[in-house]
Amino acid sequence: MRVTQEGPESLPDYEGVSIVFETSSRLDLADLRKGIFTEAPIPQRRKDYDEITSERPSSLAHRFDPAPWGIFAGFDGEIRLGGTIVIRNTPEYELLEQRHDLAIIADLRVLPEFRGLGFGSALVTQAVDWARAQGCAEIRVETQDINVTACRFYDAMGFHLHSIEEQVYGPDIDETRILWARKLV
């Protein structure tokens, strides 16, 4: 896979890579706090983060200035396999906590048929290297307790549990925010 840096004008093409996944379990939060990955079954459901229009990458670029961001795409020849967006130096982006030495992986996506083949790892490695080159001391990523695969992936990529925040998405969304962090210095 060839990873290239792009500008915000590429976000409509970037969004062409599906972020949809199926889930039938969630992490047990008490065990996760102890570093143990225990899954509890839930009714199978389909999750598509792009269904929330305001959270789509192109919407983020309209709400915030994307100039200081790292936007990366992974290609096999001309086929866009996935991408990642790393946000930094965006004071109004809440998860950055007004820090200039913190970066957030705000989006990571790989075509469903290419997941589990190392493309996500290549994109995260690029995000980590870029954030380090920008002088960041730490990089974080947000996921949810229902995205067990992502939680296991970030753990395997050297991230550690930063925080578990229940009820952050409102009463109608039965998910818990999990933040993963990785020191860069």
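**Figure 1. Lining of the largest pocket.** Strand S6 gives the largest share of the lining of the largest pocket, 6 residues. The model shown here and in the other views is predicted. The space in this pocket comes to about 1,200 Å³. Its lining consists of 49 residues, and those nearest the centre are Ile-19, Tyr-49, Leu-108, Glu-142 and Asn-147. At least two lining residues come from each of strand S2 (21-27), helix H3 (57-63), strand S6 (102-110), helix H4 (119-133), strand S7 (138-144) and helix H5 (148-156). By residue class, the lining holds 25 nonpolar, 11 polar and 13 charged residues.

Figure 2. Seven strands make up an open sheet with mixed pairing, in the order S1-S4-S5-S6-S7-S9-S8. Strand S1 (2-6) and strand S8 (160-165) are the edge strands; each has a single partner strand, so one side of each has no neighbour in the sheet. On average, neighbouring strands of this sheet are turned by 25° against each other, direction ignored. Helix H4 packs on the sheet and touches S1, strand S4 (70-76), strand S5 (79-87), S6, S7 and S9. The direction of H4 makes about 160° with that of S6. Strands of a sheet pair through backbone hydrogen bonds, in a parallel or an antiparallel sense.

Figure 3. Strand S9 covers residues 177-183 and is joined to S8 by 5 bridges, the two strands running antiparallel. Within this pair, His-160 lies opposite Ala-181 of S9, and Glu-165 has Arg-177 of S9 as its bridge partner. S7 and S9 also pair in the antiparallel sense, over 7 bridges. There, Ile-139 has Arg-182 in S9 as its bridge partner. Of the 7 residues of S9, 5 are buried, so the strand is largely enclosed by the rest of the structure.

**Figure 4. Strand S4 with its partners S1 and S5.** S1 and S4 are joined by 5 bridges in the antiparallel sense, with Glu-6 opposite Ile-71 in S4. S4 and S5 also run antiparallel, joined by 7 bridges, and Ala-73 stands opposite Gly-83 in S5. The hairpin of S4 and S5 has 2 residues between the strands, and in this hairpin Gly-77 takes a positive phi near 65°. Because 6 of the 7 residues of S4 are buried, S4 is largely enclosed by the rest of the structure.

Figure 5. Ile-85 belongs to strand S5. Its relative accessibility is 0%, so Ile-85 counts as buried, the cut-off being under 20%. Beyond its neighbours within four places in sequence, Ile-85 is in contact with Leu-11, Tyr-14, Pro-57, Trp-69, Gly-70, Ile-71, Ile-104, Ile-105, Ala-106 and Asp-107. One of these, Ile-71, is also the residue that Glu-6 stands opposite in S4.

Figure 6. Asn-89 has a phi near 45°, a positive value in a residue other than glycine. Glu-97 is likewise not a glycine and has a positive phi of about 55°. As background, most residues other than glycine have a negative phi. Asn-89 has a relative accessible area of 27% and is therefore partly exposed. Glu-97 also counts as partly exposed, because its relative accessibility is 42%. With neighbours within four places in sequence left aside, Glu-92 contacts Phe-64 and Asp-65. The C-alpha atoms of Glu-92 and His-160 are separated by 25 Å, the two residues being 68 residues apart along the chain.

Definitions and conventions
Residues numbered from 1 in each chain as written. Predicted model: local features only at pLDDT ≥ 70, side-chain atom pairs only at ≥ 80, totals over all residues. Heavy atoms only, no water. 1 Å grid on protein atoms, 1.4 Å probe; cavity = no way out; pocket = protein on both sides within 12 Å on 5 of 7 lines; lining within 4 Å. Points joined across faces, edges and corners; volume = space filled by probe spheres on them. Helix = DSSP H or I, 4+ residues; strand = E, 2+ residues; numbered from the N terminus. Nonpolar A, V, L, I, M, F, W, Y, C, P; charged D, E, K, R; others polar. Pairing = 2+ DSSP bridges. Axes fitted to C-alpha atoms, helices over the stretch in contact; angles between N-to-C directions. Contact = heavy atoms within 4.5 Å. Buried < 20%, exposed > 50% of the residue type's maximum accessible area, 1.4 Å probe, protein only.
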